[in-house]
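Thanks for coming. I will take a few minutes to walk through one chain, and the sequence and structure go up now.

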Amino acid sequence: MAASLVAANLNARVTVAGFLIFIVASIAWMVDGWLETKASLVVQNVILLVINIIGVWRWFPKAEKEANS
């Protein structure tokens, strides 16, 4: 779902929603990796979390402009 929202690039609000879903998923996988003592899963999702936070940071100002228009 998140990949579809980001890839569709319908508008900035939809793209931000996709990145937020990715962030929630990354956090969930990090918790699972922590509980199962799988360091590689935690590290992978920390990197993905950073990438998705950058995505929100990049698209959020555009989404705010759309909401205020």
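**Overview of the chain**

Among contacts in the chain (heavy atoms within 4.5 Å) between residues at least 6 apart in sequence, 45% join residues at least 24 apart. Before going further, the basis: this is a predicted model, where local features need pLDDT of at least 70 and side-chain atom pairs count only at pLDDT 80 or more, while totals for chains, interfaces and linings use all residues. Residues are numbered from 1 along each chain as its sequence is written, and side-chain values use heavy atoms, with hydrogens and water left out.

The chain has three helices and zero strands. Helices (H or I, at least four residues) and strands (E, at least two) are DSSP runs, numbered from the N terminus. The order of elements from the N terminus is α-α-α. The C-alpha trace spans about 45 × 20 × 15 Å along its principal axes. Of the 69 residues, 28% count as buried. Buried here is under 20% relative accessible area, exposed is over 50%, and partly exposed is in between, with a 1.4 Å probe and protein chains only.

α2 has 24 residues and reaches 35 Å from its first C-alpha to its last, close to the 34 Å expected at 1.5 Å a residue. That expected span is 1.5 Å times one less than the number of residues. At the N-terminal end, α2 is capped by Asn11, with a side-chain oxygen 3.1 Å from the backbone nitrogen of Arg13. This is a polar contact in the following sense: a pair of N or O atoms within 3.5 Å, where within protein one must be able to donate a hydrogen and the other to accept it, and residues adjacent in sequence count only if both atoms are side-chain atoms.

Which residues of α2 are buried? They are Ala12, Thr15, Val16, Gly18, Phe19, Ile23, Ser26, Met30 and Gly33. These buried residues pack against α1 and α3. For the spacing in that list, recall that an α-helix has 3.6 residues a turn, so residues three or four places apart point the same way.

On to the core. The largest nonpolar core has nine residues: Ala12, Val16, Phe19, Ile23, Met30, Leu49, Val56, Trp59 and Ala63. α2 (12-35) and α3 (39-68) each supply at least two residues of this core, and the largest share, five residues, comes from α2. A nonpolar core is a set of buried Ala, Val, Leu, Ile, Met, Phe, Trp, Tyr and Cys residues joined through side-chain atoms within 4.5 Å. Take Val16 as one member: leaving out residues up to four places away in sequence, Val16 touches Val56, Trp59, Phe60 and Ala63.

Is Ser26 buried or exposed? Ser26, in helix α2, counts as buried because its relative accessibility is 5%. With residues up to four places away in sequence not counted, Ser26 touches Asn45, Leu48, Leu49 and Asn52. Asn52 sits in helix α3 and is also buried, since its relative accessible area is 7%.

Ile54 is partly exposed, as its relative accessible area is 48%. The C-alpha atoms of Ile54 and Phe19 are separated by 9.2 Å, though the two residues are 35 apart along the chain.

The charged end of Lys62 sits over the ring of Trp59, 4.5 Å from its centre. The rule for that is NZ of Lys or CZ of Arg within 6 Å of the ring centre and within 35 degrees of the ring normal.

Next, the first helix. Ser4 lies in helix α1 (residues 2-8) and is partly exposed, with a relative accessible area of 49%. Ser4 and Gly18 are 14 residues apart in sequence and 7.6 Å apart in space, C-alpha to C-alpha.

Last, the loops. Asn9, in the loop between α1 and α2, has a positive phi of about 50° although it is not a glycine. Asn9 is partly exposed, at 44% relative accessible area. Thr37 lies in the loop between α2 and α3, and its phi is also positive, about 50°, although Thr37 is not a glycine. Thr37 counts as exposed because its relative accessible area is 71%.
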